[in-house]
Amino acid sequence: MSVLTTEPGATPTGEEPPDGGERHRLTAITGLSALSLDAMASVAYGPEAIVLVLAAAGAHGLGFTVPVTLAIAALLAVLVASYRQVIAAFPDGGGSYAVARVHLGARTSLVAAASLVLDYVLNVAVAVTAGVAALTSAFPGLYGQRLWWCLLVLVLITGVNLRGIVESARAFIVPTAVFVVSILVLIGVGLFRSAPVSTAAAQGHASVLADNATTVGALLLLRAFASGCAALTGVEAIANAVPSFRAPRARRAQRAEVALGAVLGVMLIGLSVLISRFHLQPVEGVTVLAQLADASLGHNWAFYVVQFATMILLALSANTSFGGLPVLLKLLARDNYLPHVFALKADRQVHRHGVLALAAVSAALLVFSGGDTNTLVPLFAIGVFVGFTIAQVGMVIHWYGERSRGWQGKAVLNGFGGLLTGVAAIVVTATKFAEGAWLIVIALPLLVVAFEAVHRAYGRIGERLGLGRIPEPPHRERSVVIVPVSSLSRLTSEALTAAASLGDEVRAVTVCYPDPEDRAHLHTLERDWARWSPGVPLVRLASERRTLGRPIAAYVREVTAAEPATRVTVLIAETEPERLWQRLLQNQRGAVVAHAVRRETGAVICRLRFRLL
């Protein structure tokens, strides 16, 4: 049930027809740069997350880096294969939300949507703070202004996305290519090294490796696996934003998904192999990726290229959220779980309200955290694992219901992936609960409750409007048009002329106050009105208080009560200045009257804009 103000098949102002605007959509290559930055940038912190957990077991624990990474790469392959299937089965986008809505019911679909919304918002905040943290590491003098730098980066990314997803893809394709090439070169050169060529980056920094721990238990491996799965965030973004691709949309999105999985898998496995090859140990104040660049390429210009490419891509990886979340919000709005304004699409295929809402909430998070990455990281990645698990379970039901050729293998694949991501979700939530993950545990159900409240409100509105039923035939009623005036001018003449064209009877009203100055003004107005003799009565509305809207609203109620069969319209005449800044010179009386009439009566409000040319 929908209560959008446009008729079926109509296009709201500022929108393009559904079949147009292909040049403002993504190809497989630009889709990678627009929607995969989150996943690509995760190689900067995914392997490090694994190493930091395994370091609790000392050097023996670090020996499990490659096996844990291979398990994550296997899960990545499962997720890529699964989301290729999701793209084909749900080409309208929405990812886990769309899957759950069809196969798991409304409540579960809202859980999936809420988890994705939280993950997308947190991804923006984490990405921006991580990028700025890399900047302040290179230039420590900027550390005190890190919040302002975070907000500046957010404004830049938002501005680019308001110009369209294709524009953002074109802007970010070069940084993406530089980062991927630099990481692949790092891996390729490192594989030919028998020992680190340099350890200058780690010199003088304390090791975080435990000295007296050698036992590697299942729980530790699960924690390392769950922490490393942070590298998988962003894998679902392409499936969420299928409508943003050029036709054939599903095929292009599938190609982008496979390319993302292949590149990400190669980088994750390659970096883990180098960690084991160089017997790398995590140290305070230096990232694992920086140590790998130092060991493979040396402490030279190539090292700084990798660092700056990482810094830029981390900051820009927030763009994944700007590409995926507005599409998800559009689907939620279409299903009446969010305000319908999120379903509107402007030119250049931009869901402008979704972009601005994401930017506003992310800015609030940045201010809350003070631009500190460590404050936000414990909240990150929980939501995406919930979404992964729901999507996998939903696809199992999808294949069971479809029972097409080879459905058993596909169902087993999705079931195994759902088991792994479900375990990861539980482990991440449990291990990070005290660090701040409890906020997500509370926020997720609250968001679901908010979705349902919006849905119920739209349901009540639809019932009162009689949506889905044939209404009574339209008929003509007697009409009275009330025109508020305060002085005589050309604007007054235009207002009365328009009112006479709209109604059977026109009444001008003016609010008068007991002050001597106001009484003198009223006397002048009534004298000039008599001289002018427009054929419209001027009605005094006395008010003891200095208020404008309430006396007019009270008069409208009197007219409605006296003539219940009469349609009452309040015509408010306002000037439209030639320059935008000149709106500051207006007294906003029209807005005050319109607000009072709309709030206190059921009259029709007509606002006449008189252009000053």
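At what angle do helix α5 and helix α10 pack, and how far apart are their axes? Helix α5 (residues 65-89) packs against helix α10 (residues 218-228) at an angle of about 50 degrees, and their axes are 10 Å apart. Axes here are lines fitted to C-alpha atoms, for helices over the stretch in contact, with angles from 0 to 180 degrees between N-to-C directions. The two helices are therefore oblique to each other, since angles under 35 degrees count as roughly parallel, over 145 as roughly antiparallel, 65 to 115 as roughly perpendicular and the rest as oblique. Val68, Ala71, Ile72 and Leu75 of α5 make the contact with Leu221, Ala224, Phe225 and Gly228 of α10; contact means heavy atoms within 4.5 Å.

A word on the source. This is a predicted model, in which local features need pLDDT of at least 70 and side-chain atom pairs count only at pLDDT 80 or more, while totals for chains, interfaces and linings use all residues. Residues are numbered from 1 along each chain as its sequence is written, and side-chain values use heavy atoms, leaving out hydrogens and water.

I turn to helix α16. Just after α16, Gly370 takes a positive phi of about 70 degrees.

Finally, Glu576 lies in strand β4 (residues 567-576). Glu576 is buried, with a relative accessible area of 13%.

Note on methods:
Helix = DSSP H or I, 4+ residues; strand = E, 2+ residues; numbered from the N terminus. Buried < 20%, exposed > 50% of the residue type's maximum accessible area, 1.4 Å probe, protein only.
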